[in-house]
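The structure is shown first.

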Amino acid sequence: MEPPKMNPVVEPLSWMLGTWLSDPPGVGTFPTLQPFQYLEEVHISHVGQPMLNFSFNSFHPDTHKPMHRECGFIRLKPDTNKVAFVSAQNTGIVEVEEGEVNGQELCISSHSISRISFAKEPHVEQITRKFRLNSEGKLEQTVSMATTTQPMTQHLHVTYKKVTP
């Protein structure tokens, strides 16, 4: 079966397509957490629809036990650089982030965040993400967040190398 043609609406995000692995391990910090590292595998694909599909799967760097998981869709408003990022996470958070793609950089911030009724506190109240393709062809992601007890603070930074187109 022939792979589907990419919908032209998502062409401005084509630099994100592929399977990416963290290299080196990602780094996590937050005032209420001990600093940590993680490995992450990212799949960003399309099926010909006017959106990209994604999954982020992180693992403990020593034990390789699963950690954070999220999956969802990245949509572009046709004929604009406006982007919506819709994500469901294994922590019980569902979020919509919106922003803009400019060249090989995507900056988004939370538009709405919902959570399961028994999500542990403190609750995430705001998230920002920045993806960019660096000069070495590696994908970088920086995530910042604010919770009910902490102001907006950088939480994660990871660089990925592409392993499949």
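In this predicted model, Glu95 touches Phe85, Val86, Ser87, Gln89, Ser112, Ile113, Ile127 and Arg129, leaving out residues up to four places away in sequence. Glu95 belongs to strand 7.

**Glu95**
- Glu95 has a relative accessible area of 1%, and it counts as buried because this value is under 20%.
- Its side chain makes a polar contact of 2.5 Å with the side chain of Gln89.
- A polar contact of 3.2 Å links the side chains of Glu95 and Arg129.

**Largest pocket**
- The largest pocket holds about 890 Å³ of space.
- Its lining is made up of 32 residues, and those nearest the centre are His68, Thr91, Val124, Met145 and His155.
- Two or more lining residues come from each of strand 3 (33-45), strand 4 (51-59), strand 5 (66-76), strand 7 (93-101), strand 9 (124-133), strand 10 (139-147) and strand 11 (153-164).
- The lining comprises 15 nonpolar, 10 polar and seven charged residues.

**Largest nonpolar core**
- Nonpolar side chains tend to be buried together in soluble globular proteins.
- The largest nonpolar core has 32 residues, of which Trp15, Met16, Ile74, Leu106 and Phe131 touch the most other members.
- Strand 9 gives the largest share of this core, with four residues.
- Ile74 is in contact with Leu13, Met16, Met51, Leu52, Phe54, Val83, Ala84 and Phe85, with neighbours within four places in sequence left aside.
- Phe85 is listed among the contacts of Ile74 and among those of Glu95.

Methods:
Residues are numbered from 1 along each chain as its sequence is written. This is a predicted model: local features need pLDDT of at least 70, side-chain atom pairs count only at pLDDT 80 or more; totals for chains, interfaces and linings use all residues. Side-chain values use heavy atoms; hydrogens and water are left out. On a 1 Å grid over the protein atoms alone, a cavity is a set of points where a 1.4 Å probe fits but cannot get out, and a pocket is an open set with protein on both sides within 12 Å along at least five of seven lines; lining residues have an atom within 4 Å of a point. Grid points are joined across faces, edges and corners, and a volume is the space filled by probe spheres set on the points. Ala, Val, Leu, Ile, Met, Phe, Trp, Tyr, Cys and Pro count as nonpolar, Asp, Glu, Lys and Arg as charged, and the others, Gly among them, as polar. A nonpolar core is a set of buried Ala, Val, Leu, Ile, Met, Phe, Trp, Tyr and Cys residues joined through side-chain atoms within 4.5 Å. Buried means under 20% relative accessible area, exposed over 50%, partly exposed in between (1.4 Å probe, protein chains only). Contact means heavy atoms within 4.5 Å. A polar contact is a pair of N or O atoms within 3.5 Å; within protein, one must be able to donate a hydrogen and the other to accept it, and residues adjacent in sequence count only if both atoms are side-chain atoms.
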